[in-house]
Amino acid sequence: MAIRTIRLEGDEILRKKCKEIKELTPRIKILIEDMIETMYQANGVGLAGPQVGILKKVVVIDVGDGPIVLINPEILETSGEQTGGEGCLSVPGKTATVTRPNYVRVRAYDEKMEQREVEGTELLARAICHECDHLEGKLYIDIAESPIMDTDTYYAEMEEEWE
């Protein structure tokens, strides 16, 4: 396994649509392992193929319950909404307010190319939607409802509002 370089905002690959994965090749298996390791090393909760320079429909997510691999994810259902601070490994040190569904159900293949459905609420729902956006060439800054700020400044301002 290896740590991959995370592509940063401004890199044109982040704005391109990804292609489906047709079969689980040894290269795709290595990519998944590398993406999980890279996500953990960067202290992220999710990572998508284009963020490591690969235009394939694959994301990895871990919100604290172990890694989830989604190959060719398709969002089937969403409901509710949640609004809060969101960041991205490709836009380091920045945060903005984003509204996402509070519930999501997605169909995808796992790391064994077995089809499955994953349901998530709260942070997992946010992460699934965020990472699936990457596969379509979208970043959270495209739908931000507040100015994009340094993360410390953002949360300091939010704390003042809550008081």
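Ala48 sits in strand E1. The model is predicted. With a relative accessible area of 0%, Ala48 falls under the 20% limit and therefore counts as buried. Beyond its neighbours within four places in sequence, Ala48 is in contact with Met35, Val58, Val59, Glu131, His134 and Leu135. Leu70 lies 22 residues from Ala48 in sequence, and the two C-alpha atoms are 9.5 Å apart in space.

**Helix H1**

Helix H1 covers residues 26-41. How does the span of its 16 residues compare with expectation? At 1.5 Å a residue, H1 should span 22 Å; the end C-alpha atoms are 23 Å apart, so the two values agree. The buried residues of H1 are Ile28, Leu31, Ile32, Asp34, Met35, Ile36, Thr38 and Met39. Their cover includes strand E1 (46-48), strand E2 (58-61) and strand E3 (68-79). After H1 comes Asn43, with a positive phi near 60°.

**Sheet and hairpin**

Strands E4, E5 and E8 form an open sheet in the order E4-E5-E8, and the pairing is antiparallel. Strand E4 (82-88) and strand E8 (149-150) are the edges, each pairing on one side only. Helix H2 (residues 122-135) packs on this sheet and touches E4 and E5. The direction of H2 makes about 50° with that of E4.

| Strand pair | Bridges | Residues opposite each other |
|---|---|---|
| E5 (residues 91-100) and E8 | two | Thr95 and Met149 |

E6 and E7 form a hairpin, with five residues between the strands. Which residue in the turn has a positive phi? Met113 does, at about 60°.

**Nonpolar cores**

The largest nonpolar core has 17 residues. Val59, Ile61, Leu70 and Ile128 have the most contacts inside this core. E2, E3, E6 and H2 each supply at least two of its residues. Which element gives the largest share? H2 does, with seven residues.

Not counting residues up to four places away in sequence, Leu70 touches Lys57, Val58, Val59, Ile61, Val106, Ala108, Tyr109, Val118 and Ile128. Another core, of 15 residues, lies apart from the largest one. Among its members are Ile28, Met35, Val60 and Val69. Ile28 and Met35 are also among the buried residues of H1, and Met35 is in contact with Ala48.

**Aromatic pair**

A pair of aromatic rings is described by the distance of the centres and the angle of the planes. The count here comes to one aromatic pair. Tyr154 and Tyr155 form it, 5.0 Å centre to centre, with 85° between the planes. That angle is over 60 degrees, so the pair is edge-to-face. Are the two residues buried or exposed? Tyr154, at 2% relative accessibility, is under 20% and so counts as buried. Tyr155, at 36%, falls between 20% and 50% and so counts as partly exposed.

Technical notes: Residues are numbered from 1 along each chain as its sequence is written. This is a predicted model: local features need pLDDT of at least 70, side-chain atom pairs count only at pLDDT 80 or more; totals for chains, interfaces and linings use all residues. Side-chain values use heavy atoms; hydrogens and water are left out. Rings of Phe, Tyr and Trp (its six-membered ring) pair if their centres lie within 6.5 Å; planes under 30 degrees apart count as stacked, over 60 as edge-to-face and the rest as tilted. Buried means under 20% relative accessible area, exposed over 50%, partly exposed in between (1.4 Å probe, protein chains only). Helices (H or I, at least four residues) and strands (E, at least two) are DSSP runs, numbered from the N terminus. The expected span of a helix is 1.5 Å times one less than its number of residues. Contact means heavy atoms within 4.5 Å. Two strands pair if DSSP finds at least two bridges between them. Axes are lines fitted to C-alpha atoms, for helices over the stretch in contact, and angles run from 0 to 180 degrees between N-to-C directions. A nonpolar core is a set of buried Ala, Val, Leu, Ile, Met, Phe, Trp, Tyr and Cys residues joined through side-chain atoms within 4.5 Å.
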